[in-house]
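Thank you all for coming. I would like to walk you through one model today, so please have a look at it before I go on.

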Amino acid sequence: MKLVAGLVVSAALFGGAHVLYGGEGRSTAVETASSSAYRLTANGDEAACAVQRGAPVSDGLSLLSVAPNCRKLMPGIERVKFWREQADGSVAFSENGVDPIVTFGVADGDGYESYAPAAPLLALNNDSQ
């Protein structure tokens, strides 16, 4: 009897979900978030390049593309492939998703300023216009 009652409840839950979502099952695939464009500058606008935050890979980790000319700002930064957002709001760029090449803290306003490594000082600002 308990087996029949369990089957009835399961069928009701499945049917309710089916009706609720209009006959379409919910996708478990990670949805592609809209990319965010940023402008990376060094030492107060002496040089600048484009940085593009891409689709999320996992919680707090997103793909990242950096313009080739970013190498002029900080040699090695052209290798980064990931943007990791920390719980404290800081952001780290890395090649492998784990080991940061550069780390930014939240700056005054709506941007970020690098704190590791100590030099060069980099600023990362949203480039939405």
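Before the first contact, a definition: a polar contact is a pair of N or O atoms within 3.5 Å, and within protein one of them must be able to donate a hydrogen and the other to accept it. Please keep in mind that what you see is a predicted model.

With that in hand, look at Ser90, which sits in the loop between strand E4 (82-85) and strand E5 (91-94), and whose side chain makes a polar contact with the side chain of Asp88 at 2.6 Å. Is Ser90 buried or exposed? Buried means under 20% relative accessible area, and Ser90, at 7%, therefore counts as buried. Among the residues that Ser90 touches, leaving aside those up to four places away in sequence, are Phe104, Tyr115 and Glu85.

Let me step back to the overall arrangement, where eight strands form a closed barrel that runs E1-E2-E3-E4-E5-E6-E7-E8 with antiparallel pairing. Neighbouring strands of this sheet are turned by 30 degrees against each other on average, if direction is ignored.

Now to charges: side chains of opposite charge can pair when their charged atoms come close. How many salt bridges are there? The count comes to three. In one of them Glu85 meets Arg53 at 3.3 Å, N to O, and this pair links distant parts of the chain, with Glu85 in strand E4 and Arg53 in strand E2, 32 residues apart. Glu85 is partly exposed at 33%, whereas Arg53, at 18%, counts as buried.

Key. Residues are numbered from 1 along each chain as its sequence is written. This is a predicted model: local features need pLDDT of at least 70, side-chain atom pairs count only at pLDDT 80 or more; totals for chains, interfaces and linings use all residues. Side-chain values use heavy atoms; hydrogens and water are left out. Helices (H or I, at least four residues) and strands (E, at least two) are DSSP runs, numbered from the N terminus. Buried means under 20% relative accessible area, exposed over 50%, partly exposed in between (1.4 Å probe, protein chains only). Contact means heavy atoms within 4.5 Å. Two strands pair if DSSP finds at least two bridges between them. Axes are lines fitted to C-alpha atoms, for helices over the stretch in contact, and angles run from 0 to 180 degrees between N-to-C directions. A salt bridge is a side-chain nitrogen of Lys or Arg within 4 Å of a carboxyl oxygen of Asp or Glu.
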